[in-house]
Amino acid sequence: MKELGESFRAGLPLGRNVMLLHVDENGVAAFNKPAGVLSHPNTREDEPRSLLTAHYDFDGEFFQWDDGGVERRLWLLNRLDSATSGVILAAADETLAKEIRAEFKRRRIRKVYRAVVFGAPAIPAQFWRDTLTVERRGGMIRTGAGHIPCETQMSLVRRGVPGPAQRSLLKLEPHTGRSHQLRVQCAKRHLPIVGDATYGDFRGNREFARAMGTKRLFLHSEETIFRYEWKGRTWDFAARAPLPAEFEKAL
């Protein structure tokens with residue numbers, strides 16, 4: 001397994017500013033994906049701005065590249081919107097990848113996000129329950145009111161300076177994994193995530209961008225923790241991506 005770890009670090013065609021956070025001895029890996037980087041390329045032209053600058057096979061859900069005459073493959077385990085930064089997972093074994101994806105479906109993967117939102121919650125800790133629908137329109141995803149259950153634990157981390165332009169830092173732990181779930185649930189409670197160009201406060205975003213000089217979405221996948229069974233053993237995996245510096249400046 002030592003050789004596997006070395007190949008991860010030495011031969012990975014990492015995308016721009018992508019960092020390998022951790023790889024265990026079975027080849028389960030966690031990366032820190034910057035905002036603006038794609039989880040995978042949709043076309044060949046997208047490869048330079050993806051997690052790995054390599055070909056992506058949609059049927060097999062894996063990256064593929066040549067490493068000094070050796071064919072390498074890495075199976076993607078989850079995805080983040082391009083605008084969202086933070087922890088994203090992959091595995092070097094196809095069978096193991098299927099097992100961990102099944103853990104996602106069983107809701108046994110703990111994911112923790114941080115978000116900077118406009119305003120401040122009236123209650124510092126709350127369990128959010130909503131019903132949503134997810135639609136694909138011309139290659140775009142849109143989420144709104146519907147019948148699909150979604151749940152998130154919200155905790156207030158810190159309030160910013162009080163006033164009309166107040167912003168707060170939230171800890172968000174989704175218990176379901178619907179597309180755009182956190183963005184929609186925050187917006188529904190009049191706590192739109194800063195920089196959200198789809199569900200957010202458009203005027204607030206423009207004023208914030210002028211004042212701070214950035215247009216990023218302030219949503220970050222901070223931590224992922226889970227346990228999996230492999231080769232007759234139980235393995236624990238945890239990865240944490242540091243909060244981007246601009247989050248602190250936004251409060």
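**Exercise 1.** In which helix does Met-212 lie? Then work out how Met-212 counts: buried, partly exposed or exposed?

*Solution.* Keep in mind that this is a predicted model.
- Step 1: Look at residues 202-212, which form helix H4; Met-212 belongs to it.
- Step 2: Take the relative accessibility of Met-212, 35%. Buried means under 20% and exposed means over 50%, so Met-212 counts as partly exposed.
- Step 3: Check who it meets. Setting aside residues up to four places away in sequence, Met-212 touches Lys-249 and Ala-250.

**Exercise 2.** Which kind of ring pair do Phe-208 and Phe-218 make?

*Solution.* You describe two aromatic rings by the distance of their centres and the angle of their planes.
- Step 1: The centres of the Phe-208 and Phe-218 rings are 5.4 Å apart, and pairing needs centres within 6.5 Å.
- Step 2: Their planes sit at 85°. Over 60 degrees counts as edge-to-face, so that's what this pair is.
- Step 3: Phe-208 is in helix H4, while Phe-218 is in the loop between H4 and strand S12, so the pair ties together parts ten residues apart in sequence.
- Step 4: Check burial. Phe-208 is buried, at 4% relative accessible area, and Phe-218 is buried too, at 1%.

**Exercise 3.** Which residue lies over the face of Phe-218?

*Solution.* Look for a charge above the ring: Arg-216 lies there, 5.6 Å from the ring centre.

Definitions and conventions: Residues are numbered from 1 along each chain as its sequence is written. This is a predicted model: local features need pLDDT of at least 70, side-chain atom pairs count only at pLDDT 80 or more; totals for chains, interfaces and linings use all residues. Side-chain values use heavy atoms; hydrogens and water are left out. Helices (H or I, at least four residues) and strands (E, at least two) are DSSP runs, numbered from the N terminus. Buried means under 20% relative accessible area, exposed over 50%, partly exposed in between (1.4 Å probe, protein chains only). Contact means heavy atoms within 4.5 Å. Rings of Phe, Tyr and Trp (its six-membered ring) pair if their centres lie within 6.5 Å; planes under 30 degrees apart count as stacked, over 60 as edge-to-face and the rest as tilted. A charge sits over a ring if NZ of Lys or CZ of Arg is within 6 Å of the ring centre and within 35 degrees of the ring normal.
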